[in-house]
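Hello,

Here is the structure I promised to pass on to you.

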Amino acid sequence: MTAATFLQTNFNTQDPSTYRGAIDGNTAVAAPIIGNFAPHAAATPNMTVLLDAGAIPTVGGMPVQIAQQTSATLTAPSANPRKDIVYIDSTTGVIGVATGTEAASPVDPTIPAGKIPVARLAMTVGMTTI
């Protein structure tokens with residue numbers, strides 16, 4: 001793997017070659033950070049959330065790598081919309097979901113202590129896929 005250096009892009013002042021190279025380099029620098037725990041639907045969408053691999057920083061040590069994982073199957077709300085929060089446990093690295101309360105104007109549920117939120121789900125009545 002080639003090391004990359006961040007270089008602020010500027011379409012107005014950089015020549016095309018430098019500009020394109022900076023975009024590629026900046027993407028390489030940012031990918032390990034912004035790619036951590038990217039939540040998304042599975043290839044065949046259902047009522048689970050697929051969470052890409054990532055790293056949890058530890059105090060005074062190297063980041064701990066966490067494998068890709070899938071949430072438990074979520075249940076759609078029955079009468080009103082709901083907001084759920086997908087999180088990672090900061091100690092175990094295991095995915096979890098804080099389930100909100102159904103309401104005409106739903107609010108986010110409380111995130112349990114020691115959890116790192118990674119996604120907010122807007123759950124609707126009768127939904128069958130995330």
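Of the 130 residues in the protein chain, 28% count as buried (buried is under 20% relative accessible area, exposed is over 50%, and partly exposed is in between, with a 1.4 Å probe and protein chains only). Before you read on, please note that this is a predicted model, in which local features need pLDDT of at least 70 and side-chain atom pairs count only at pLDDT 80 or more, while totals for chains, interfaces and linings use all residues. Residues are numbered from 1 along each chain as its sequence is written, and side-chain values use heavy atoms, with hydrogens and water left out.

Now the overall picture. The protein chain has one helix and eight strands, in the order α-β-β-β-β-β-β-β-β from the N terminus. These elements are DSSP runs numbered from the N terminus, with helices (H or I) of at least four residues and strands (E) of at least two. Along the principal axes, the C-alpha atoms fill a box of roughly 55 × 40 × 25 Å. With contact meaning heavy atoms within 4.5 Å, 49% of the contacts between residues at least 6 apart in sequence join residues at least 24 apart.

Thr-5 sits in the segment before helix H1 (16-34) and is exposed, at 66% relative accessibility. Beyond its neighbours within four places in sequence, Thr-5 is in contact with Gly-25, Asn-26 and Val-29. Thr-124 is 119 residues away from Thr-5 in sequence, and the two C-alpha atoms are 43 Å apart.

What did the search for aromatic pairs turn up? It found one pair in the whole structure. The pair is edge-to-face, because the rings of Phe-11 and Tyr-19 have their planes at 75 degrees, with the centres 5.6 Å apart. Rings of Phe, Tyr and Trp (its six-membered ring) pair if their centres lie within 6.5 Å, and planes under 30 degrees apart count as stacked, over 60 as edge-to-face and the rest as tilted. Phe-11 is exposed at 63% relative accessibility, whereas Tyr-19 is partly exposed at 23%.

Is Ile-85 buried or exposed? Ile-85 counts as buried, at 5% relative accessibility, and its place is in strand S6. Leaving out residues up to four places away in sequence, Ile-85 touches a list of residues including Val-97, Ile-111 and Pro-117. The C-alpha atoms of Ile-85 and Ser-105 are separated by 16 Å, at 20 residues apart along the chain.

Two loops are worth a look as well. Ser-90 lies between strand S6 (82-89) and strand S7 (95-98) and is partly exposed, with a relative accessible area of 32%. Not counting residues up to four places away in sequence, Ser-90 touches Ile-56, Gly-114, Lys-115 and Ile-116. Ala-67 is in the loop between strand S4 (64-66) and strand S5 (69-70), and it is exposed, with a relative accessible area of 55%. Ala-67 and Ala-55 are 12 residues apart in sequence and 8.7 Å apart, C-alpha to C-alpha.

Best wishes
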